[in-house]
Amino acid sequence: TRGWRRVLLVTTPNHSRRVRLIWHREAGPGLEAGLAVTHDECSGQDGWWRRRRCSEAVLHEYLGLFALYFKVSSLMR
């Protein structure tokens, strides 16, 4: 409605795959999106598996991706 053709989606590395999938599925035609990834404490060289909060974030993302896949698969039947 505002005439925008491009937007910038800002997210963390853990969320980037799911954000991209949701955008491609939900965005209207003619609206492009760029993805800007900002780093947080879970995206460092130390390894996400060494911090409980980071490993929970990774698990959350995999469950979210599973839910997206399950929703799309059930709608295609």
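Biologist: Tyr-62, buried or exposed?
Modeller: Tyr-62 is exposed, with a relative accessible area of 52%. Exposed means over 50% relative accessible area, buried means under 20%, and partly exposed is in between (1.4 Å probe, protein chains only).

Biologist: What kind of model is this?
Modeller: This is a predicted model, where local features need pLDDT of at least 70, side-chain atom pairs count only at pLDDT 80 or more, and totals for chains, interfaces and linings use all residues. Residues are numbered from 1 along each chain as its sequence is written, and side-chain values use heavy atoms, with hydrogens and water left out.

Biologist: Back to Tyr-62. Which helix does Tyr-62 lie in?
Modeller: Tyr-62 lies in helix α2. Helices (H or I, at least four residues) and strands (E, at least two) are DSSP runs, numbered from the N terminus.

Biologist: How far is Tyr-62 from His-15, C-alpha to C-alpha?
Modeller: Their C-alpha atoms are separated by 9.7 Å. Along the chain, Tyr-62 and His-15 are 47 residues apart.

Biologist: Zoom out. How many helices and strands does the protein chain have?
Modeller: The chain has 2 helices and 2 strands. From the N terminus on, the order is β-α-β-α.

Biologist: How do strands β1 and β2 run?
Modeller: They run parallel. Strand β1 covers residues 6-11 and strand β2 covers residues 32-37, with 6 bridges joining them. Two strands pair if DSSP finds at least two bridges between them.

Biologist: Which residue in β2 stands opposite Leu-9?
Modeller: Leu-35 does. Thr-11, in turn, stands opposite Val-37 in β2.

Biologist: And what do β1, helix α1 and β2 make?
Modeller: They make a right-handed β-α-β unit, with helix α1 at residues 16-26. For the handedness, picture the strands pointing away from you: the crossover is right-handed if the path from the first strand over the helix to the second runs clockwise.

Biologist: Now Ser-16. Where is Ser-16 found?
Modeller: Ser-16 is found in helix α1. Ser-16 is buried, with a relative accessible area of 14%.

Biologist: What is Ser-16 in contact with, leaving aside neighbours within four places in sequence?
Modeller: Ser-16 is in contact (heavy atoms within 4.5 Å) with Thr-11, Leu-35 and Val-37. Also, a polar atom of the Ser-16 side chain lies 3.0 Å from the backbone oxygen of Pro-13.

Biologist: Salt bridges next. How many is the count?
Modeller: The count comes to 3 salt bridges. A salt bridge is a side-chain nitrogen of Lys or Arg within 4 Å of a carboxyl oxygen of Asp or Glu.

Biologist: Which residue forms a salt bridge with Glu-61?
Modeller: Arg-18 does, and the closest N and O atoms are 2.6 Å apart. Glu-61 lies in helix α2 and Arg-18 in helix α1, so the pair ties together parts that are 43 residues apart in sequence.

Biologist: Does Glu-61 count as buried or exposed?
Modeller: Glu-61 counts as buried, at 4% relative accessibility. Arg-18 counts as buried too, at 19%.

Biologist: What does Arg-52 form with Glu-56?
Modeller: Glu-56 and Arg-52 form a salt bridge, with the closest N and O atoms 2.8 Å apart. The two are 4 residues apart in helix α2, so about one helical turn separates them. Glu-56 is partly exposed at 40%, while Arg-52 counts as exposed at 66%.

Biologist: Which residue forms a salt bridge with Arg-25?
Modeller: Glu-26 does, and the closest N and O atoms are 3.3 Å apart. Arg-25 counts as partly exposed at 35%, and Glu-26 is exposed at 54%.

Biologist: Switch to rings. How many aromatic pairs does the count come to?
Modeller: The count comes to 1 aromatic pair. The ring centres of Phe-66 and Phe-70 are 6.3 Å apart and the planes are at 15°, so the pair is stacked. By rule, rings of Phe, Tyr and Trp (its six-membered ring) pair if their centres lie within 6.5 Å; planes under 30 degrees apart count as stacked, over 60 as edge-to-face and the rest as tilted.

Biologist: Where do Phe-66 and Phe-70 lie?
Modeller: Both lie in helix α2 (residues 52-75), 4 residues apart, about one turn of the helix. Phe-66 is exposed at 55%, and Phe-70 is partly exposed at 49%.

Biologist: Last one. What share of the chain do buried residues make up?
Modeller: They make up 17% of the 77 residues in the protein chain. Of the contacts with a separation of 6 or more, residues 24 or more positions apart account for 70%.

Technical notes:
Polar contact = N/O pair within 3.5 Å; in protein donor to acceptor, adjacent residues only side chain to side chain.
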